[in-house]
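Thanks for coming, everyone. Please bring the model up on your screens, and we will walk through it together.

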Amino acid sequence: MATQFSNEALKFLRGLKKNNDREWFGPRKDVYEKQLKAPMLALIDEVNHAMLEFAPEHVRPPQKIMMRIYRDIRFSKDKRPYKNHVSAWWVRDGLQKTSGGGFYLQVSSTDVLIAAGVYMPEREQLLAIRRYLVDHHEEFRKIMAGKKLRSLMQETETMSLTRPPKGFDPNHPAIDLLMCRQWGVSATLPVERATSPGLLKDVVERFKAAAPMIALLNTPLLGKPKRPLF
């Protein structure tokens, strides 16, 4: 049977949202470990097995894919120590240090978020993707217009520039894509899906539909293969 979350898990997330502090979390850490962390790792493992068919380069050990619930508050004015959700990020092999395009899953007390894309890329990655889209914008548009993808997910906020980026022709037919600062799709499902045995299918079918987009966006970010020595 496919992994799903319990009502106890959602109850924990609701409590954490109201009491985001160590005094509340500490005595309940075992609840987090059993009701949220363990099921999330199991779900990631199940998603991994499915992704071997359409995005094997994104498959890694579940512990590497699940994101920490602890927030990085070193440079943040918001000093709440925990995230109000559990999440996972499937980065492509070879891009772990720079992120690139990947697949994302988040379960909170209010909804289930399933997403895929390149989010807030580094300057070099942003430039590489823009240069690639100059010659591959028609392929990208075709992928984004696919019926399956459009039926399952919507385009996310592109954080578009107000003017064409420096060095690019403002009259280029892909200028709308080149002005974007990120590219992606997402779907927000009712929180009840988290406790449904159909959760695995919800995730996998959306990841599969978005896989061609992720592959295209990652292409210019991958290093050129080394020439064989012999």
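Let's start with one residue. Asn48 touches Val59, Arg60, Pro62, Ile65 and Trp90, leaving out residues up to four places away in sequence. Touching, or contact, means heavy atoms within 4.5 Å. Asn48 sits in helix α3, residues 29–51. Helices are DSSP runs of H or I with at least four residues, strands are E runs of at least two, and both are numbered from the N terminus.

Is Asn48 buried or exposed? Asn48 is buried, because its relative accessible area is 4%. Buried means under 20% relative accessible area, exposed means over 50%, and partly exposed is in between, with a 1.4 Å probe and protein chains only.

A word on the source. This is a predicted model: local features need pLDDT of at least 70, side-chain atom pairs count only at pLDDT 80 or more, and totals for chains, interfaces and linings use all residues. Residues are numbered from 1 along each chain as its sequence is written, and side-chain values use heavy atoms, with hydrogens and water left out.

Now the sheet. It is open, with 5 strands in the order β1-β2-β3-β5-β4, and the pairing is antiparallel. At the edges are β1 (85–91) and β4 (154–155), each pairing on one side only. Two strands pair if DSSP finds at least two bridges between them.

Look at β3. Of its 8 residues, 7 are buried, so this strand is mostly covered. Strand β2 (residues 102–108) runs antiparallel to β3 (residues 111–118), and 6 bridges join them. The hairpin between β2 and β3 goes through 2 residues. Phe103 has Ala116 in β3 as its bridge partner, and Gln106 has Leu113. What about β5? β3 pairs with β5 over 8 bridges, again in the antiparallel sense. Ala115 stands opposite Ser186 in β5.

Next, the helices on the sheet. Helix α5 (residues 123–144) lies across β3, β4 and β5 (183–190), at about 60° to β5. α8 packs on the sheet too, touching β1, β2, β3 and β5, and its direction makes about 15° with that of β3. Axes are lines fitted to C-alpha atoms, for helices over the stretch in contact, and angles run from 0 to 180 degrees between N-to-C directions.

How do α5 and α8 pack? Their angle is about 170°, and their axes are 10 Å apart. α5 and α8 are therefore roughly antiparallel to each other; angles over 145 degrees count as that, under 35 as roughly parallel, 65 to 115 as roughly perpendicular and the rest as oblique. Among the contact residues are Phe140, Ile143 and Met144 of α5, and Met213 of α8.

Nonpolar side chains tend to be buried together in soluble globular proteins. The largest nonpolar core here has 74 residues, and Trp90, Phe103 and Met213 touch the most other members. Its largest share, 12 residues, comes from helix α8 (residues 199–218). Such a core is a set of buried Ala, Val, Leu, Ile, Met, Phe, Trp, Tyr and Cys residues joined through side-chain atoms within 4.5 Å. Beyond four places in sequence, Met213 touches Ala116, Gly117, Phe140, Ile143, Met144, Gly184 and Val185.

Last stop: Arg80. This residue is in the loop between α4 (62–65) and β1. Arg80 counts as partly exposed because its relative accessibility is 41%. Asn20 is 60 residues away along the chain, yet the two C-alpha atoms are separated by 6.0 Å.
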